[in-house]
Amino acid sequence: MDELNEHHGDTADALISAARFFHERGWMPATAGNLSARLDDDRMLITESGQHKGQLGPDGLMLVDLEGNVLSPDKQPSAETFLHIILYRRWPRIGAVMHTHSVNATVLSRLAQGSQIHLRDYEILTALPEVTSHDAEVIVPIFGNEQDIPQLAARVDEHMTQHPELLGYLIEGHGFYTWGEDVAQARHHVEAFEFLFECELNMRRLTP
Ligand SMILES: CSCCC(=O)C(=O)COP(=O)(O)O
Ligand SMILES: [Zn+2]
């Protein structure tokens, strides 16, 4: 039995369960999206690049340190590994990071391109940390997409310096990132935001 299965089996199971759930909901079609969980101050468990998220198993996960060094021989980490790393490095309280590719997040990010989504007057906002009323406003910024992930990660990181309250962000025509203290909380955040994105899209469709 390798280190991953011997010491981190529960964390791996939680990530696999989340990936399969997101895939079933249509939020991680085919190989799109990625997930990770912090193991300690220096390491995380993350999906291997190109894994089908509806068929994810323990072999589709791997160990990477927070410098981006691969600790699982012969495995290729998610192409978006640095978008996870910047979060773990910045906030020790972050225990899991999740990236979805839902239709709603993707369409919304294109409709509101170059802008940001203002979420307000939704009761489900209170499922998010520090939000105690539907009246609060949660802002989801939209970053332009690019294939140079370290460059994109630097832009997100810079934004977080100005906005430490950030709970998630969209990438235009691409998808959504959010996080939590552990896998369970990050999963709740994905569910809450995906619900909100569907509401926003319907509001835009139905409001003359
Ligand atoms: C097939 S979607 C294109 C890549 C992507 O955006 C993604 O989320 C999955 O990349 P990974 O390297 O983590 O499989
Ligand atoms: Zn992606």
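The model is predicted, so local features need pLDDT of at least 70 and side-chain atom pairs count only at pLDDT 80 or more, while totals for chains, interfaces and linings use all residues. Residues are numbered from 1 along each chain as its sequence is written, and chains are lettered from A and ligands numbered from 1 in the order in which they are written.

Helices (H or I, at least four residues) and strands (E, at least two) are DSSP runs, numbered from the N terminus.

**The core.** Select the largest nonpolar core, which has 53 residues; Leu15, Ala18, Leu45, Val97, Met98 and Leu170 have the most contacts inside it. Such a core joins buried Ala, Val, Leu, Ile, Met, Phe, Trp, Tyr and Cys residues through C-beta atoms within 7 Å. Helix 5 (residues 183-206) supplies its largest share, seven residues. Centre on Leu45: beyond four places in sequence, its contacts (C-beta atoms, placed from the backbone, within 7 Å) include Leu4, His8, Leu15, Leu61 and Leu63.

**The ligand.** Move to ligand 1 and show the residues whose C-beta atom, placed from the backbone, lies within 6 Å of it. These are Thr31, Ala32, Gly33, Asn34, Thr47, Ser49, Gly50, Ser78, Ala79, Glu80 and His99.

His99 is in strand 4 (residues 96-100), whereas His101 lies in the loop between strand 4 and helix 3 (103-111). His99 is buried because 27 other C-beta atoms lie within 10 Å, and His101 is buried with 21; the cut-off for buried is 20 or more within 10 Å.

Finally, display their contacts beyond four places in sequence. His99 meets Gly33, Asn34, Glu80, Gly175, Phe176 and Tyr177. His101 touches Trp27, Met28, Pro29, Ala32, Gly33, Thr106 and Gly175.

Key
Buried ≥ 20, exposed ≤ 12 C-beta atoms within 10 Å, placed from the backbone. Contact = placed C-beta atoms within 7 Å.
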